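Student: Could we go through this one together, step by step? I'd like to see how the pieces sit against each other.

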Amino acid sequence: MEDSTESSPALKAFTLLETIAAMDHAPTLAELTETANLPKPTLHRWLTMLEGAELVRRLPDGRRYELAARATALAFAILSNNPGSTQRHQILQRVARELGESCNLTVLQGSEVMYLDRVEAAAPLRVAFQKGSRVPAHCSASGKIFLAMMPGAKRARLLGGLSLERHTANTLTEPEALDAELGRVRRQGYAFDDEEYLSGLFCIAVPILDRTGRDCLAALALQAPVVRLSRENAAERLPALRSAAEALAATLT
């Protein structure tokens, strides 16, 4: 980020937002100064401006910065309305028809999973969520995918400030139990929500990866009542889900 290449103050601020979003942790002013290669007073002025616009916020320690709700809402609107959104919805419709259950396309927003898009099953017995709905990461299949695949230091920071709230009798509320579960997710490449957020609801999720195959851009999840989907038969859906995840990845990269 250099003044010679970004002459507009608005573009400079936008580039700073990109820098913060690209980092795997909430950076300090000193870290941003080094990464952005800018004088500390200039950077501080921009951060103050972005804070005032509710695009960036400081963590409670007062030293670190992260994207605020307004910035993540903007990112959600862009993803929801860009040219690939129609194609993504068609892919969700196709896999929902093939498997006969509701499908979600999700992204991680802080410690929550947000539904970027959703296609409901035609079956009469189903749980209806809306586009834009949010669920806790620690007790959702998609959330476990995001947590399991993020860098260890970032995961430790996120979970360190996270209250593992109990939603059902199956919710993992002990850090050790959740850590063991995330290890299994990393090894097997998919995650379950076995009535951990809502009683009677089972979910299986797979990652949507970038071109390198390392970074998780989003997650694809299949959701159904436990009378139709469970640990015993969920793995049968994996080939269709993984094929759809590859198709979805092409719309996001």
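Tutor: Two strands pair if DSSP finds at least two bridges between them; strands (E, at least two residues) and helices (H or I, at least four) are DSSP runs, numbered from the N terminus. This is a predicted model, where local features need pLDDT of at least 70, side-chain atom pairs count only at pLDDT 80 or more, and totals for chains, interfaces and linings use all residues. Residues are numbered from 1 along each chain as its sequence is written, and side-chain values use heavy atoms, with hydrogens and water left out.

Student: Which residue in β8 is the bridge partner of Asn104?

Tutor: Start with the strands: β3 (residues 102–109) and β8 (residues 216–225) run antiparallel, joined by 5 bridges. In β8, Asn104 has as its bridge partner Ala221.

Student: Which strands stand at the edges of the sheet?

Tutor: The sheet is open, with 6 strands in the order β5-β4-β3-β8-β7-β6 and antiparallel pairing. Each edge strand has a single partner, so one side of it is left without a neighbour in the sheet. Those strands are β5 (134–136) and β6 (191–194).

Student: At what angle do the axes of α6 and α8 cross?

Tutor: Axes are lines fitted to C-alpha atoms, for helices over the stretch in contact (heavy atoms within 4.5 Å), and angles run from 0 to 180 degrees between N-to-C directions. Helix α6 (residues 141–149) and helix α8 (residues 175–188) are roughly perpendicular (65 to 115 degrees) to each other. Their axes come within 9 Å and cross at roughly 85°.

Terms used: Parallel < 35°, antiparallel > 145°, perpendicular 65-115°, else oblique.
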